[in-house]
Amino acid sequence: MKRELQAVERDIMEAEVARNGWEEKSWDLDTMIGHKFKELETLSIECNQALRRLKLVQGLQYVLNAKGSLPAEVLGIDYKSTLKPALDSFADDINKSSMSKLEELISLQQQSVENATKIEAKRNRVAALQSNCDEVEARVNYLKKETQNYTSRCASEAKKLVEDVEIETHNVDVVEREVADVLETSKSKLQEAIKQRDEEIQICAWELYALVDSVSKYKEYMASKISEMKSNLSETAGAVSDSYKSSLPLQFGITFEANR
């Protein structure tokens with residue numbers, strides 16, 4: 001019986017050690033979840049800054065909720081129903097703006113060709129006037145100079161317009177690439193963080209379930225063992241009592257013979 005009690009005490013100590021181990025794991029898990037949540041907070045701040053720069057939807061931002069059970073509840077925003085339509089609309093606006101700039105560039109090129117044609121016609125007219133009217137040479141030279149100045153001014157303005165359009169188109173392309181890179185990076189980081197957090201939560205849930213099941217089974221085993229020990233103790237006490245009762249008549253018989 002003493003050995004059995006010692007075994008029970010040893011099992012209880014092992015159970016306490018195991019419980020302490022699981023408590024440490026639980027604390028480590030809480031710490032890790034806290035770190036992940038801080039990382040999500042950092043990512044949400046970056047995403048909110050990007051959203052404010054893009055000015056997609058008034059008041060649209062990520063607001064983290066540590067008590068949420070779904071990704072949309074944790075992030076405070078539903079990507080598919082809220083953010084994605086706004087991004088699609090923003091992309092459509094950029095495409096429309098690019099098409100408008102391209103149409104303006106084509107129109108400017110056509111105007112430049114027309115101006116060049118007009119300039120060439122004026123040059124031919126000046127040459128004809130010079131060959132036919134020597135008496136008005138000074139007048140023709142003056143007109144030629146004015147024509148050349150006008151041509152140079154038109155060419156400069158056309159060149160400047162073309163350069164401005166090219167610069168604006170390049171800036172639009174750069175902005176589109178930056179927006180696409182930022183959105184893709186943010187989306188990838190967010191999906192990876194959510195996936196990793198869900199996997200860790202599922203693993204911890206299974207470990208907790210196994211621990212609870214193990215403790216329950218150990219309690220059942222201990223209850224059965226204690227009941228068995230009580231039963232054995234009762235049987236031993238009954239046997240001792242019966243043995244004592246059966247020895248009483250014998251002791252009384254020995255005493256009576258001695259007195260005689």
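In which helix is the place of threonine 151? In this predicted model, threonine 151 sits in helix H4. With a relative accessible area of 13%, this residue is buried. Leaving aside residues up to four places away in sequence, threonine 151 touches Ile119 and Arg123.

Now for the overall layout. The protein chain has four helices and zero strands, and read from the N terminus the elements simply go α-α-α-α. Of the 260 residues in the chain, 16% are buried. As for contacts with a separation of 6 or more, 60% of them join residues 24 or more positions apart.

One example of two residues set well apart along the chain involves leucine 102 and threonine 169: 67 residues separate them in sequence, and their C-alpha atoms are 8.3 Å apart. Leucine 102 belongs to helix H3, and its relative accessibility of 41% makes it partly exposed. Leucine 102 is also part of a nonpolar patch on the surface, together with Met99 and Ile106. The accessible area of these three residues together is about 270 Å². At 48% relative accessibility, methionine 99 counts as partly exposed, because the exposed class begins only over 50%.

Next come the charged side chains. The salt-bridge count comes to three. One of them joins lysine 160 to aspartate 164, with 3.2 Å between the closest N and O atoms. Aspartate 164 is partly exposed, at a relative accessible area of 36%.

Another salt bridge pairs aspartate 213 with lysine 217, and here the closest N and O atoms are 3.3 Å apart. The spacing is again four residues within helix H4, about one turn. What about exposure at the two ends of this pair? Aspartate 213 is partly exposed at 32% relative accessibility, whereas lysine 217 reaches 55% and counts as exposed. The labels differ because partly exposed stops where exposed starts, over 50%.

The remaining bridge is between arginine 197 and aspartate 198, whose side chains meet with an N to O distance of 2.9 Å. Arginine 197 is buried, with a relative accessible area of 14%, while aspartate 198 is partly exposed at 34%. The two get separate labels because buried means under 20% relative accessible area.

On to the rings. A pair of aromatic rings is described by the distance of the centres and the angle of the planes. The structure holds one such aromatic pair, made up of tryptophan 206 and tyrosine 209. The ring centres are 6.3 Å apart and the planes stand at 90 degrees, which gives an edge-to-face arrangement. Both residues lie in helix H4, three residues apart, about one turn of the helix. Are the two residues buried or exposed? Tryptophan 206 is exposed, and tyrosine 209 is too.

Last, the cysteines. A disulfide is a covalent bond between the sulfur atoms of two cysteines. The model holds zero disulfides. Cysteine 154 is buried at 14% relative accessibility, and cysteine 204 is buried as well, at 16%. Both get that label because the cut-off for buried is under 20%.

Note on methods
Residues are numbered from 1 along each chain as its sequence is written. This is a predicted model: local features need pLDDT of at least 70, side-chain atom pairs count only at pLDDT 80 or more; totals for chains, interfaces and linings use all residues. Side-chain values use heavy atoms; hydrogens and water are left out. A salt bridge is a side-chain nitrogen of Lys or Arg within 4 Å of a carboxyl oxygen of Asp or Glu. Buried means under 20% relative accessible area, exposed over 50%, partly exposed in between (1.4 Å probe, protein chains only). Helices (H or I, at least four residues) and strands (E, at least two) are DSSP runs, numbered from the N terminus. Contact means heavy atoms within 4.5 Å. Patches are made of residues with over 30% relative accessible area and no salt bridge: like charges are joined within 9 Å, nonpolar side chains (Val, Leu, Ile, Met, Phe, Trp, Tyr) within 5 Å. Accessible areas come from the Shrake-Rupley method with a 1.4 Å probe; for residues, only the protein chains shown count as cover. Rings of Phe, Tyr and Trp (its six-membered ring) pair if their centres lie within 6.5 Å; planes under 30 degrees apart count as stacked, over 60 as edge-to-face and the rest as tilted. A disulfide is a pair of cysteine sulfur atoms within 2.5 Å.
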